[in-house]
Structures are given as C-alpha cells and as structure tokens.
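This report describes one protein model in terms of its strands, helices, loops and surface. The sequence and coordinates come before the text.

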Amino acid sequence: GEVCGMVTRKYGEFLPSAQSAEELAARVQGLAGDIGLLQAGIEEEVQRDLNVAIAEFTELKQQLERDTLVLSVLKKLQEFDTALKEYNTALLEKKYVAAAQQLEQARSSLKMLESRKGFELKILKALGTELTVQTQNMLYHLGEEWQKLAVWKLPPSKESSSLKSVTGSELHLRTVPSKEEEIAGPPVASVLQAFAVLGELHNKLKIFGQLLLKYILKPLILYPSLRPFTEEQSDAVILRFKSEEPNLDHSSPIEVFDKIKLIFEVLHKYLLNVPLEQPPEDEKECGVILAELLGDVIWEELSDCLIQNCLVNSIPTNSSKLEQYIEVIKSTEEFEKALKNMQFLKGDTTDLLKYARNVNSHFANKKCQDVIVAARNLMTSEIHNTVKVTPDSCVALPRLPDPGAGDHLKMQKNHQLLHNDMVNLENGSKLSQYTFSLPTCRISSSVEKLMELAYQTLFEATASTDQCCIQLFYSVRNIFQLFYDVVPTYHRENLQKLPQLAAIHHNNCMYIAHHLLTLGHQFRYRLTNILCDGAATFVDLVPGFRRLGMECFLAQMRVQKGEILERLSSARNFSNMDDEENYCAAKKAIRQVLHQLKRLGKVWQDVLPVSVYCKAMGTLLNTALTEVAARIAALEDISAEDADRLYSLCRTMVEEGPQVFTPLPEDDKNKKYQEEVPVYVQKWMTFKELMIILQANLQEIVDQWADGKGPLAAEFSAAEVKSLIRALFQNTERRAAALAKIK
C-alpha cells in the first residue's frame with residue numbers, strides 16, 4: 001500500500017513537467033516557422049533594396065570623380081590659355097623674363113594634361129603645336145636682342161682665322177643703358193635670364209664661345225704680333241685688334257696671358273657680370289653664374305691651345321734657362337687666379353697650371369725630342385760631305401766637371417777639347433796615346449756633328465736633375481740605335497751603287513764604334529750614381545757598329561769582284577791568242593779591269609784608312625790575277641805565238657797593277673805602297689812564275705822546279721807544271737825527260 005502511494009505521488013509530480021515540455025516544443029515549432037517566414041522576406045525585399053543602393057552609390061562616386069577630373073582638366077586648360085595670353089602681353093612690352101616664365105607655366109600645364117591616363121584629348125596636340133610656335137617666336141625675339149648686345153663684325157674672308165682677317169674683326173658689346181634709357185631696350189640681364197628660363201642659355205653661350213675662340217682667343221695665342229685694344233663709345237665698347245712687328249717667333253706665355261686676361265675682363269664687365277636666378281624647378285642651385293657657364297664651354301679648348309702653342313714653345317732647351325721658367329709658372333698662376341676671381345674658372349688647379357709646373361719633365365721630354373729630331377736630320381743628310389779625322393782629332397766639348405763635384409755642378413762657360421792623351425790605367429801602367437786612336441780617314445761631317453750632339457747631350461745630362469739625366473742618357477743611346485736602324489735603310493741604294501759612299505759609311509761606323517768605347521767613361525762619375533751598376537756605358541753597342549761598317553764595305557767588295565770576273569769572262573778563255581780577234585778581246589778585258597781598279601783607287605783615295613785601302617785594292621787585284629792565271633793554266637795547247645801574246649798581257653797586269661795603289665793624294669808618298677804590292681796581293685809571286693814559264697825553255701823550267709825545292713814549286717803543284725809543259729811543248733823525248741823530273 002505504501003509503495004503504491006509513492007508511485008502515485010511520483011507520477012503526479014511527473015505529469016505536469018511532461019506537459020510543460022510538450023507546450024515548449026509546440027512554441028519552438030511555431031517560432032521556427034516565424035523565423036523561416038522572416039528570412040524569406042528579408043531575402044526577397046531588403047537584400048534587393050540594399051544592392052540597388054550600393055550600385056547607386058558607386059555610380060555617384062564615379063560621376064563625382066569624372067566631374068573632378070573634367071574640372072581639373074578645364075582648370076589646366078584655362079591656366080594654359082591664361083599663361084599664353086599673359087605671355088603675349090609681356091612679349092609686346094619686352095618684359096622677356098615674365099614672358100619666358102609664362103611660357104614655362106603653359107608648358108607645365110600642358111605636361112600635366114598629357115600625363116592624365118585614359119583622358120586623351122584631341123585638343124592637346126593643337127596646344128602642343130601652339131606652344132612650340134610661341135617658344136620659337138620668343139627665341140627669335142631674344143636672338144634679335146642678343147645680337148644687338150654682342151655684335152660681331154667679321155671680314156668676309158675664306159681663311160677665317162688668318163692674321164689678316166683677324167685684324168679686321170671687331171666685337172661690339174652694348175653697355176648697360178642708364179636709368180632714363182631703360183625703356184629703349186631691355187638690359188642684358190633680362191635677355192639672358194629669359195634664355196635661362198627657356199633652357200636655351202647654354203646653347204647661346206656655346207655658339208658665342210666658339211666664335212670667341214675662333215676669332216679672338218686662338219688668334220691671340222697663335223699670332224705674337226696681334227694686340228687687342230678697346231674703344232669705349234657712349235652706348236658700346238668695341239674690341240679691336242692691330243698687328244705689330246713681333247720681336248719673337250713665339251710670344252711669351254706672360255704676354256699671351258695678359259692679352260687673354262684683357263678679353264675676359266671686357267666680357268666680364270660689359271656682358272657677363274649679371275646675376276641670374278635659376279629657373280624655379282632647379283632650386284638646389286642658387287643663381288646661374290654666366291661667366292662660369294661660358295668658362296665651362298671654352299676652357300678646355302682654350303687651355304689646350306695655350307699649352308700646345310704657347311707653353312710648349314716656352315719650355316727651355318737647356319738647363320741653365322730652367323731657373324727663369326719660374327716667371328712663367330708665376331704668371332700662369334696669376335692668370336688662373338684672375339679668371340677665378342671673374343668666375344670663369346671654378347675649383348682646383350687646371351691642366352694649364354699642372355703643365356707649367358711640370359716643367360722639369362717637359363724640359364727632359366722636349367730636350368730628348370729635340371735631340372732625336374736633330375739626330376734624325378743628320379742621319380738623313382748627305383753622306384758624301386766629309387771631314388778628315390786624324391789620330392789627334394777630338395770632339396769639341398765643354399769642359400767636363402771635376403769628378404768630385406757630385407751633384408753641385410755649375411755649368412762652366414769655357415770649352416776645351418777632349419784629347420786622346422795618355423790614359424792612366426788602374427795599376428799605374430800607361431797606354432800609349434794611340435791605343436784608342438783612330439787611323440786617318442774621312443767621315444761624313446754629319447756623323448761628326450752627330451757625335452758632338454751626343455757629347456753635348458750627355459754633358460747637359462750631368463748638369464740636370466736625376467730624372468732628366470736618366471732620360472737624356474737614354475736618348476743618347478737612342479741616337480745610336482736610330483743610326484743603326486735608319487742609315488743603312490735610308491741610304492741603301494747609294495751604299496750599294498757608289499763605292500765611295502760605302503767606304504765613307506764604313507769609316508762612319510768605325511768612328512762611332514771608336515767613340516762608343518769611351519763615351520760613357522768620361523761621364524761616369526755623374527751617371528753611375530743614378531744609373532744602376534755602372535750602366536752608363538755604350539760599349540755594348542760597339543760590336544754592332546763595327547759589323548755594320550764591315551758588312552756594308554764587304555758587300556761593295558763583292559760587287560767589285562763580280563764586275564772584275566764579268567769583264568774577264570769576255571777574254572775568250574785566253575785561248576788561241578794567235579787569232580787577232582781573240583787577242584783583241586783579251587787585251588780589251590785586261591784594259592777594262594785595270595781601268596776599273598784605277599777608278600776605285602781614285603774614289604777610295606784619302607777616304608779609307610791607308611791599311612784598309614791597301615787590303616781592299618790588294619784583294620781586288622788578286623782576284624784579277626788569280627782568274628787570269630787559272631785560265632792560262634787550264635789551256636791544253638799554247639803555240640809559241642800564243643805564249644808571247646799571253647806573256648805581254650801578263651806583263652801589262654804586272655806593270656800597271658801596282659799603279660792603281662794611290663791611297664794618298666800626294667803622288668810621291670804612294671811609291672812606298674806601290675812597291676809593297678806583293679805584300680797585299682797573295683798570288684803575286686804565282687803570277688810572276690807563270691810569266692817565267694811562258695818565256696822559258698824546258699831546261700829552265702826544270703831548273704826553276706829544282707826537285708820540288710825551287711821557286712816554281714812554291715807556287716804550282718807538279719800536276720799544274722806538267723800540264724803547262726804539255727801545252728807549251730811538243731811531244732819529244734826531251735819533253736818526256738823533263739816531265740819525268742817534275743814530281
């Protein structure tokens with residue numbers, strides 16, 4: 001019963017809560033339905049309205065942007081139009097700067113319009129054209145004004161910058177008008193400022209600068225006689241030029257600087273001393289300096305011209321004048337300073353001053369160049385103008401400094417001659433004065449001068465700064481290298497064709513080699529300090545020069561030998577001399593050879609050293625005798641008449657051959673050398689023996705042979721003697737007996 005009651009109680013409590021849950025579920029269900037309806041409503045109505053609103057808003061926004069753009073474009077177009085209107089007004093009133101600024105304003109408006117992407121107006125092209133036209137119009141007006149400010153009066157001359165035409169040129173500069181006259185024309189400033197605003201100032205100054213260089217500045221540098229002067233008139237100043245007698249070929253830098261300074265002063269005072277403002281967009285720089293702009297345009301060309309045509313010529317050519325050059329350096333400094341004060345130049349030392357200050361190096365370069373040019377001229381001059389040198393000859397030279405004097409050398413004025421006197425050797429023994437002497441001969445006077453140039457340059461080197469000394473030493477070595485390369489090539493044809501020139505060239509080379517042996521030695525105290533390890537020598541060049549002389553002369557000897565053999569080849573082998581025609585041909589050949597030798601003996605006379613002369617002539621005569629002897633010895637049959645005629649041909653050679661030896665102009669002195677011919681002609685005795693055979697009988701030949709101990713055996717071999725016996729004598733028992741004794 002109690003359990004039952006509990007269940008009923010529980011159930012009674014449960015029932016209402018179950019009911020409330022069901023009610024709740026039913027209400028939720030209803031609510032869900034309402035929400036569904038509401039959502040459907042929103043989706044259909046509100047969303048649609050919202051989309052419409054956004055679309056409208058966007059469209060309005062775009063409309064506004066378009067209107068703003070149109071407005072700004074219209075505003076710019078209006079600005080452009082106003083600017084051009086105001087420009088026209090200003091131009092009529094000759095207010096050039098204002099006009100130029102309005103043009104620039106119009107230009108910037110147009111730029112703005114063109115930069116609008118997606119907004120291309122047909123009208124822009126027309127506006128651009130209009131702007132260009134107006135700019136050109138303005139530049140034309142400004143150009144007219146500029147031409148009144150600086151008037152060039154140039155002669156109508158072809159060679160525009162000749163001295164004559166320059167003296168006829170004038171430059172008129174209009175002076176700045178005074179206050180009352182200001183209305184008459186705008187002052188320089190406004191014209192130039194307007195150019196600056198339009199960005200055309202640089203071009204104008206460039207053209208002006210070119211005229212200035214061509215008609216005024218360069219002629220003043222190039223013509224020492226030209227003087228500028230100014231003439232002031234009420235409204236202008238005129239630059240004119242007159243030509244005076246120059247005292248020098250090249251004007252001194254100091255004078256040139258003064259003339260050019262005058263020109264710049266006039267320009268500065270009347271034309272360029274005008275403060276200009278920078279166009280507004282370039283605010284980084286304040287003010288344009290006109291003088292500086294012009295300076296930029298012309299300075300480089302002007303300074304090059306000053307260096308090349310003025311400073312270069314003023315570099316001294318000998319070291320004693322270097323001291324005075326300080327004046328030039330000083331005036332260069334002052335010239336630059338003046339140009340800086342007038343603002344033509346800005347900044348540091350220019351090339352001009354660097355060049356002037358670097359005088360030592362230029363001095364050395366110029367000196368070396370002068371030396372090489374002088375040397376080259378000597379080498380390409382005629383070889384045949386000669387001077388005689390003897391063992392006592394010496395090179396005229398300034399007195400050499402005392403070896404101990406070191407670097408404190410003073411140039412000594414007096415000159416003395418370098419003598420080949422006794423040379424003291426280290427160990428105290430003495431060499432004769434003739435050890436290094438040169439035999440008497442003739443050399444080209446140009447080579448003597450060349451040697452003097454070398455000594456003179458080395459002497460100059462010893463008195464110069466170290467750097468200069470080294471350069472000069474090497475340029476002396478270059479002289480000799482140059483000789484070695486230039487002379488044989490330059491004079492090649494003459495050296496081959498003319499035996500006398502070959503001989504002189506041979507002597508020239510030997511003379512140079514002779515001096516090169518001792519050339520460095522005389523200057524060694526000074527040079528060795530600077531050049532490492534006694535490199536101050538020329539000895540290494542000696543063998544080359546000796547070889548050069550020898551080769552040239554030997555080549556000439558080969559030519560002469562060839563001619564001798566060529567002439568003898570027409571003697572018909574000296575066979576069948578009993579035939580008159582053959583005999584004449586042989587006689588003629590011998591005559592020609594002797595004539596050739598006689599001519600050579602003459603052209604080499606007094607030119608070659610006697611010893612070389614005798615060797616050369618001896619060699620050539622020997623060639624002739626050897627050839628004749630060989631031809632005769634080769635004959636197979638010699639009749640008695642043949643033998644007589646051959647003998648007389650040989651006698652001509654032996655009698656007249658020595659007479660071609662005439663090494664000296666004084667005849668009586670040549671006898672000695674003619675008597676010594678056997679010494680110089682190797683085959684002389686052979687030839688004499690051949691003549692004896694041609695005249696001898698069999699017994700005499702056998703006696704001359706003397707069992708291989710006689711004079712004949714000294715000159716001919718047994719086979720040669722037998723061959724001659726067979727040719728000269730008929731085949732008899734006596735001949736057989738004689739042949740048997742020759743062995």
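Two strands count as paired if DSSP finds at least two bridges between them. Strands (E, at least two residues) and helices (H or I, at least four) are DSSP runs, numbered from the N terminus.

The model is predicted: local features need pLDDT of at least 70, side-chain atom pairs count only at pLDDT 80 or more, and totals for chains, interfaces and linings use all residues. Residues are numbered from 1 along each chain as its sequence is written, and side-chain values use heavy atoms, with hydrogens and water left out.

## Overall figures

The protein chain holds 28 helices and 12 strands. Of its 743 residues, 42% count as buried. Buried means under 20% relative accessible area, exposed means over 50%, and partly exposed lies in between (1.4 Å probe, protein chains only). The chain exposes about 41,100 Å², of which carbon and sulfur atoms supply 53%. Accessible areas come from the Shrake-Rupley method with a 1.4 Å probe, and for residues only the protein chains shown count as cover. Among contacts between residues at least 6 apart in sequence, 75% join residues at least 24 apart; a contact means heavy atoms within 4.5 Å.

Strand 1 (residues 150-153) runs antiparallel to strand 2, and four bridges join them. Lysine 153 has glutamate 170, in strand 2, as its bridge partner. Strand 2 (residues 170-174) also pairs with strand 4 (residues 236-243), in the antiparallel sense and over four bridges. Across this second pairing, histidine 172 stands opposite isoleucine 238, and leucine 173 stands opposite valine 237. Strand 2 is mostly covered, with four of its five residues buried.

Strand 4 has a further antiparallel pairing, over seven bridges, with strand 3 (residues 226-232). A hairpin through three residues joins strand 3 to strand 4. Threonine 230 has leucine 239, in strand 4, as its bridge partner.

Arginine 240 belongs to strand 4 as well. Its relative accessible area is 22%, so arginine 240 is partly exposed. Neighbours within four places in sequence aside, arginine 240 is in contact with Ser169, Glu170, Arg227, Pro228, Phe229 and Glu231. Of these, proline 228 is 12 residues away in sequence, and the C-alpha to C-alpha distance between proline 228 and arginine 240 is 5.7 Å.

Which residues make a nonpolar surface patch of about 330 Å²? Tyr11, Phe14 and Leu15 make this patch, and tyrosine 11 lies in helix 1 (residues 2-44). Patches are made of residues with over 30% relative accessible area and no salt bridge; like charges are joined within 9 Å, and nonpolar side chains (Val, Leu, Ile, Met, Phe, Trp, Tyr) within 5 Å. A salt bridge is a side-chain nitrogen of Lys or Arg within 4 Å of a carboxyl oxygen of Asp or Glu.

Helix 10 (residues 325-341) has 17 residues and spans 25 Å from its first C-alpha to its last, close to the 24 Å expected at 1.5 Å a residue. The expected span is 1.5 Å times one less than the number of residues. Buried residues of helix 10 include Tyr325, Val328, Ile329, Phe335 and Leu339, along with Glu336. After helix 10 comes glutamine 343, with a positive phi near 70 degrees.

Glutamine 596 lies in helix 19 (residues 580-603). With a relative accessible area of 1%, glutamine 596 is buried. Apart from neighbours within four places in sequence, glutamine 596 is in contact with Gln560, Glu563, Ile564 and Arg567.

## The loop between helices 25 and 26

Alanine 706 lies in the loop between helix 25 (698-705) and helix 26 (711-715), and aspartate 707 lies in the loop between these helices too. Phi is positive in alanine 706, a residue other than glycine, and aspartate 707, which is not a glycine, also has a positive phi. Alanine 706 is partly exposed, whereas aspartate 707 is exposed. The table gives the values.

| Residue | Phi | Relative accessible area |
|---|---|---|
| Alanine 706 | near 45 degrees | 33% |
| Aspartate 707 | about 55 degrees | 63% |
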